[in-house]
Amino acid sequence: MNGGEGGMVPGGSKPGMAMDGAGIVTRYLDAVLRRASVPMEAEPFEPDWQDRPRSHKVYRRAPGFPLPERAPRPPLELGDVLLNRRPGRRQGREAVFTVPLLAGMLRHSYGWLSRRLQVDPNPGRRGQAAYTHAEWARGSAAGGGLYPCELYWVCGRGGGPLPGVYHYAQPTHSLSRVATADLSAHVRSALGSGAGAGTGEHFLLVTSRLWQNAFKYGEFSHHCVTMDLGCLLRTWQTWAAACGIELKPRLCFDEPRLDRLLGLDPATESVLAVVPLPWRYAADGVPEETADDGTAACPAPLGSPPVAHPGSSPVTAEVAERSRTVRRFPAAEAAHLAAVYDARPFPAPEALAEAARVTLVRDGPAGGGTPEAPGLPAAATVPLPQPTPLTSGVAEALAARRSSFGRFSAHRPLAAEDLAALLSAAAAGAQVETGQVPLTRLAVFVQHVADVPAGPYLYEPAAHALVPLPGPAPHPFLQRVYTLTNYNLEQAAVALFVLARPHAVVAAAGPRGYRLFNAEAGAVAQAVYLAAAALGTGCGAALGFDYEAVHAALAPGVGAGTWPLLLLMAGHERPGRARFDASVVPRAPHPCTDGTDL
């Protein structure tokens with residue numbers, strides 16, 4: 001069966017055949033989906049914890065400066081931006097970034113916020129209940145807490161510091177200058193002339209250091225990293241929206257050009273996203289060299305660039321690598337490079353909408369069912385109440401975000417209003433690229449929610465309702481398909497599976513389609529984490545489950561081409577938990593009310 005069309009089982013690609021980029025990514029996707037039964041590595045793989053890389057990139061002898069510690073906090077509440085799906089406006093004026101506001105966003109997304117130690121029943125943490133094993137907590141979620149993304153600010157004219165390229169040093173909350181020159185025109189050129197491109201003097205570039213994640217996850221690392229990207233972008237969008245700013249990340253651009261600009265080897269580190277920053281002192285109008293010339297939204301890497309490349313990379317600072325041995329994983333690297341060198345334009349919204357559809361299989365008016373699942377009885381929806389208001393501040397929710405691990409407890413059911421808030425936040429947090437149709441949906445396994453019968457459902461955002469699905473009872477199904485030992489899923493109030501039609505999206509969007517749906521899954525996870533933090537409930541995310549078993553259970557209701565990508569859990573935790581949490585972020589001044597702090 002053709003894997004590109006989303007068959008009933010993975011494995012549509014034939015090893016040994018010459019494949020284009022989409023075929024390489026589809027083969028990698030199939031390996032991910034069957035990893036519970038077939039290891040992704042050809043040989044047994046165990047991480048070498050004694051030779052692990054640093055949790056952050058270090059440039060030797062790069063000059064820099066500390067960022068402001070007391071940055072203004074976003075004035076709007078989390079619910080104003082996460083549930084309303086739009087940035088707020090303050091006193092009729094358009095907000096823009098300044099250095100203090102950028103510092104606050106970087107600190108609360110990828111900077112170190114607190115030093116944490118938690119006692120929990122996770123067997124993987126046995127013997128680690130000592131301060132020497134405490135962890136640095138960050139605002140964005142990341143697979144295994146590894147945080148493989150690196151952040152660069154391409155600073156143009158009027159930014160405050162000298163124009164150049166600055167790397168964000170996470171532990172010291174500072175910027176290291178790795179290049180001195182106004183290179184913003186080269187970023188604009190790499191973005192092409194699509195929506196949100198062609199203007200601006202300031203950009204955030206997000207790269208991924210593959211080894212920083214692969215040392216633990218091996219071939220599976222590419223799947224983790226692309227979700228981590230979505231978590232980070234959703235954090236930035238939420239923070240900026242609470243300040244009245246709409247961020248428009250770009251996931252489709254001339255990647256080799258930006259990799260050369262930063263002096264990166266795409267096989268080991270590459271630019272995955274570009275985020276234009278509206279800036280207070282940015283020049284008005286469209287720069288002459290990037291005026292709309294009718295080119296595609298995603299320029300071909302081999303095309304003639306409007307702005308001449310500066311030649312050798314202006315970034316010459318040396319990077320300090322901690323690991324003595326850096327391994328490479330061919331399948332993950334091939335899937336990554338297929339996206340890097342993909343030259344096709346971004347697909348039309350209609351093509352993505354067709355690829356992304358998740359249609360509930362049920363009887364039509366005549367009761368005849370569908371060809372995919374004939375005779376399936378019609379399902380009655382379960383309406384949800386209005387969501388619990390999310391009154392927490394964005395900075396406070398990011399500081400409180402944490403994973404529950406084994407601390408879930410069914411001693412108190414989750415309120416239906418809280419479930420409604422979690423699902424509304426998930427649906428609102430799905431969109432990453434501006435104008436992109438949602439590529440994911442949510443399957444909801446209700447277990448301990450007040451006034452909602454237990455069972456599997458599909459969440460319908462437009463109706464704000466749950467549609468019952470045919471399938472197994474949540475218990476013991478959920479624990480049986482979970483392949484790790486750090487969660488007791490029976491104690492979680494609800495389990496959410498982020499669903500997508502990954503083969504169809506790759507067929508429509510090419511190799512970059514993998515990033516699109518995975519980044520959206522990560523964005524959904526971050527939105528749920530933040531909503532849970534605001535509600536004071538536990539939350540956790542996991543990739544260690546049997547994809548094929550969940551797919552087989554849900555396929556009769558949502559179609560054979562739909563697959564689970566990520567498992568999210570939420571519910572109340574055991575009372576009286578033992579933990580240590582020391583904040584390293586100073587108390588910020590109260591924001592002014594006239595908008596000048598933005």
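Analyst: A residue is called buried under 20% relative accessible area, exposed over 50%, and partly exposed in between, using a 1.4 Å probe and protein chains only. The model is predicted: local features need pLDDT of at least 70, side-chain atom pairs count only at pLDDT 80 or more, and totals for chains, interfaces and linings use all residues. Residues are numbered from 1 along each chain as its sequence is written, and side-chain values use heavy atoms, with hydrogens and water left out.

User: Why is His475 called partly exposed?

Analyst: The relative accessible area of His475 is 47%, so the residue counts as partly exposed. His475 lies in helix H12, residues 474-481; helices (H or I, at least four residues) and strands (E, at least two) are DSSP runs, numbered from the N terminus. Leaving aside residues up to four places away in sequence, His475 touches Gln447 and Glu490, where contact means heavy atoms within 4.5 Å.

User: What makes Asp418 buried?

Analyst: Asp418 has a relative accessible area of 12% and is therefore buried. Asp418 belongs to helix H11, residues 416-428. Not counting residues up to four places away in sequence, Asp418 touches Thr388, Leu535 and Thr537.

User: Why does Thr207 count as buried, and with which side chain does the side chain of Thr207 make a polar contact?

Analyst: Thr207 counts as buried because its relative accessibility is 0%. Thr207 sits in strand E8, residues 203-209. The side chain of Thr207 makes a polar contact with the side chain of Glu269 at 2.6 Å. A polar contact is a pair of N or O atoms within 3.5 Å; within protein, one must be able to donate a hydrogen and the other to accept it, and residues adjacent in sequence count only if both atoms are side-chain atoms.

User: Which residues of helix H9 are buried, and why are they placed on the same side of H9?

Analyst: In helix H9, residues 349-356, the buried residues are Leu352, Ala355 and Ala356. They cover an arc of only 90° around the axis, so they lie on the same side of H9; the arc is that of the directions from the helix axis to the C-beta atoms. Helix H13 (502-509) is included in what covers the buried residues of H9.
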